[in-house]
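Hi,

Here is the structure I promised to send over.

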Amino acid sequence: MGRDVLLIEDEPNIIEAIRFILSRDGWHVQTHSDGKSAYEKVLDMRPDVVILDVMLPGRSGFEILRDIRGGGETAALPVLMLTAKGQTKDREMAESLGASRFMTKPFSNTDVLSTVRDLVGA
Amino acid sequence: MIPFDILVAVCVAYVVVLFLVAFFAERRASAGKVGWLRSPLVYTLSLSVYCTAWTFYGAVGYAARSGLEFLTIYLGPTLVLVGWWWMLRKLVRIGKTQRITSIADLISSRYGKSNTLGVIVTLLAVVGTTPYIALQLQSVTLSFSVFAQADSEAWQPTDLNATALWVAAGLALFTVLFGTRNLDANERHHGVVTAIAVEAVVKLVALLAVGIFVIWGVAGGLGDMADRIAASPIAETQFNGGRWVGLTFLAGAAIFTLPRMFQVLVVENADERHLATASWAFPLYLCLMSLFVVPIAVIGLATQPPGSNPDLFVLTVPLSFDRDGLATLAFLGGFSSATSMVIVAAIALSTMVSNHIVMPLWLSWQNTGATVSGDVRKVVLTARRISIAGVLVLGYLYFRLTGGSAALASIGLISFTGVAQVLPALIGGIFWRGATKRGAVAGLLVGFFLWAYTLFLPSFGAGSVMSASLLADGPWGIGWLRPQGLFGVAGMDPLIHAMFWSMSLNSFAFFAVSLSGFPSPMERLQGAQFVNVFEHSSAAQSWTHGMAEAEDLLMMSQRILGPDKAQALFQRAAAAQGKVGFLPDTTPAFLERLERELAGSVGAATSHAMVGQIVGRSSVSVEDLMAVADETAQMMEYSNQLEAKSEELSRTARQLREANEKLTELSIQKDAFLSQISHELRTPMTSIRAFSEILMDGGDLSEADMTKYSSIIHEEAIRLTRLLDDLLDLSVLENGQVTLNAQPGNLTDLIDRAVAATGSLDGSGNLRITRSRATEDVALVTDTDRLCQVFINLIANAQKYCDADAPQLWIKVRQLGPNVAVDFIDNGNGIPKRSQDIIFEKFSRLSDRNAAGGAGLGLAICREIMSKLGGGITYLPGQGGAAFQVSLPLAKAKAA
């Protein structure tokens, strides 16, 4: 069972926080903060879980999710979506696009960790 | 020798025939079968009322006394009909378009519907025509007496007055029966006109027969006749040029100024085109009537005993040769001439008297004005019938008073001269727009008076109305006022003298008074209608009672009322007339009803005008047009109000729509804004929560990590605070609640403060700032703290976003017209063109937010501040790096 996590997020402090939380639990965390090249990064890295922010420079998290679900090899990839907007329509959007989980910022560290664990069935 | 009672019987039979002719013509007309009743031939023959007993009997007498001068009586009308028929056409057109009922009505109508003029012309016509009617009675009476004397065994009509009375009564009856069937004088009297046409034929045939008899029966053919004429005293009569011209003029005027001539020429005219036929046919008729006048006169003079009345030669010549049949025919000719004149004259005069004298008196006596309605028709008819009787009574009385003294011809000429007084006002009225009512009154009164003074009153003979001394020496012995030698003009023919003075002074008064004043508006309108009648009207509609009219009415009504309603209306009317399934007759009752119905939709005046136009009985008069204009103005006013209201409504609707759009847009903006705020708040909160949880968990954190994480929490807390500050600041600025604290300052100081606040002063930051202090020394009065805030923001932006290796910022101060401009230009890559438009919007942060550390509200705040300070902030494209220009009105800046 792989423990590779790709965190796509552009806010440095949040990257720092999530990386710390997951690393402490034994996950291998890679980060990517540009929207445009995010999907290539997914294909390139083949993570076990993707944590995806919605507001990204260049390309929105929803579009990246659509690419992930549209690509045959990544279609079943567990994706945890994070957003700071927290509006209902964002959650609905994420669900309709096939996000595995959806969490609003600010989140509880333990929730993030248990969700990531859940997603890979660990 | 023809027995007198047989003559009476023939005469009665002839009258019965005339009654029948008139009756059947009326029947045909009311059944709508006008046909030949309105042929140009009937019209031309009806004009022959011009040839009265005076022409029939008198022309021969005239020729016997004065030679060929009688021809002038035929020459005048011929010249007018041939040469001036376009003037007659104008009269006819005016008559139709203005619904003219008589010559008095024409003059009255032309001069602003003045009843004064109507009364004057009516009186003139009555005074001028009464002797003429008396003359006709006299001629009939005389012709009866001729037969009576010849038939000495029969009843002796010693009482000529009784004969005249019977004739007058009979004529009155005939005229009342056929002349007052219709109320509207403009509806033609078909019965009367047809009877007159028949009489015209009878008198022509009679005169021609007598003429043929004298030439081939008495004289030995044309050659012998010519010899006899050459040998007769007629050939020796003097030719008086003045009288010829004068008489021709009078006769020419008489053809349209005599009331009865106006009646047949204008009022009874059915179609303007008939005038064209009449213009050659009537002169031909006159020519035939005059053909044998001289032969009859010559033979009469030769064969009748000396002292016999030459006015009766037409009768006495056949009688003396025992030609009873011919004599009876001649008698009927004379009878026809007399009766046709009396009938038409009585109709014409009664119309004038009842319209201009009786009705106005009755109305003022009733004092009911507008409330008179239904029974007016009865009153008018009664008035007209009484007027007819009155006219004939007057004629009879005149006959009784004068006792048949004067020769026929002289009475006729006096009458001609009298009615010719209307001429200046008439001709002036239809050709000259400057003619005024006052002018017409003045001319008519002057002419009337002079005619009465110089011709009419003296005609009764010295010592009757005028004393012999007055006639000989003038009033009060003033010689130049003598009736027959006015202004010292002596030795002139009395008729020509009277004609000359009355006509010339009449015309002079008419023109002088007209020129001395201005016509009233009503006169001006009517004047224009009359003078320019051909421009205002199309060829007058001919009168029909037929289906086409009802069809036109239905078509019009359908347009106004809608097909269903209009058809229902017409069907009801037809059913009421017993004509189920057909179109109704255009009876007055139906037309009135229709007008009322239409008035509901288009207004009374318009409805009247429309129906009148179609039915063709009237043209649209000035008053109609005025009323139509009034209605139209009201409707337009109403529709303008509606239009204004609907415009207002649509404006309100547009405003509402705009407001709604704005609200919707604001709502969208608000959602977007809240979403942005939420994001901006949650992002630092996320870091704060995450790291505080990490710190709370404790565990194996190194000291350095703990410090690092604490400082992140601190940093994000500051970021949150700054965001809240900015939001509050912007909210205050946008809502206009900010109070500006204006105070004097200097640009140098402000820039110094801003540079110091951003920590760039001491060069500790990596941004190098270049200034040109020489230009910065600008004094200004403004909220210096706010302006400084803008400067700080711009310098801070340069610090944050300038991506050059050696970031540099130039601050330049310039004066641009009335403004002072402060440019902040750095050496970075600047802002992409597509983003330049949005940088002043809220949360429009372009690059990585961490580099900036702001929420993207800075420039939005700057813009609000500058707008509050009366200046502005713009992005300057094409400056190499990011370039902002802050401008402030200098006038304001300097105002200290």
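Let me start with a helix pair: in chain A, the axes of helix α2 (residues 38-45) and helix α3 (residues 61-70) come within 9 Å and cross at roughly 35°. Axes here are lines fitted to C-alpha atoms, for helices over the stretch in contact, with angles running from 0 to 180 degrees between N-to-C directions. Helices are DSSP runs of H or I with at least four residues, strands are runs of E with at least two, and both are numbered from the N terminus. The crossing of α2(A) and α3(A) is right-handed, i.e. the near helix is turned clockwise from the far one by less than a right angle. A:Ala38, A:Tyr39 and A:Val42 in α2(A) meet A:Ile64, A:Asp67 and A:Ile68 in α3(A), where contact means C-beta atoms, placed from the backbone, within 7 Å. Those residues split into five nonpolar, no polar and one charged (nonpolar: Ala, Val, Leu, Ile, Met, Phe, Trp, Tyr, Cys and Pro; charged: Asp, Glu, Lys and Arg; polar: the others, Gly among them).

Before going on, a caveat: this is a predicted model, in which local features need pLDDT of at least 70 and side-chain atom pairs count only at pLDDT 80 or more, while totals for chains, interfaces and linings use all residues. Residues are numbered from 1 along each chain as its sequence is written, and chains are lettered from A and ligands numbered from 1 in the order in which they are written.

Chain A as a whole has five helices and five strands, in the order β-α-β-α-β-α-β-α-β-α along the sequence. Of its 122 residues, 41% count as buried (20 or more other C-beta atoms within 10 Å of the residue's own; 12 or fewer is exposed, in between partly exposed).

Now the cores, meaning sets of buried Ala, Val, Leu, Ile, Met, Phe, Trp, Tyr and Cys residues joined through C-beta atoms within 7 Å. The largest has 173 residues, and B:Ile107, B:Val210, B:Ile296 and B:Val314 have the most contacts inside it. Helix α16 (residues 324-366) of chain B gives this core its largest share, 20 residues. A second, separate core of 40 residues includes A:Ile51, A:Ile68, A:Leu80 and A:Val112.

Finally, where the chains meet, 17 residues come from chain B and 18 from chain A. On the chain B side, α29 (622-697) and α30 (703-734) each supply at least two residues, with α29(B) giving the largest share, 13 residues.

Cheers

Key
Contact = placed C-beta atoms within 7 Å.
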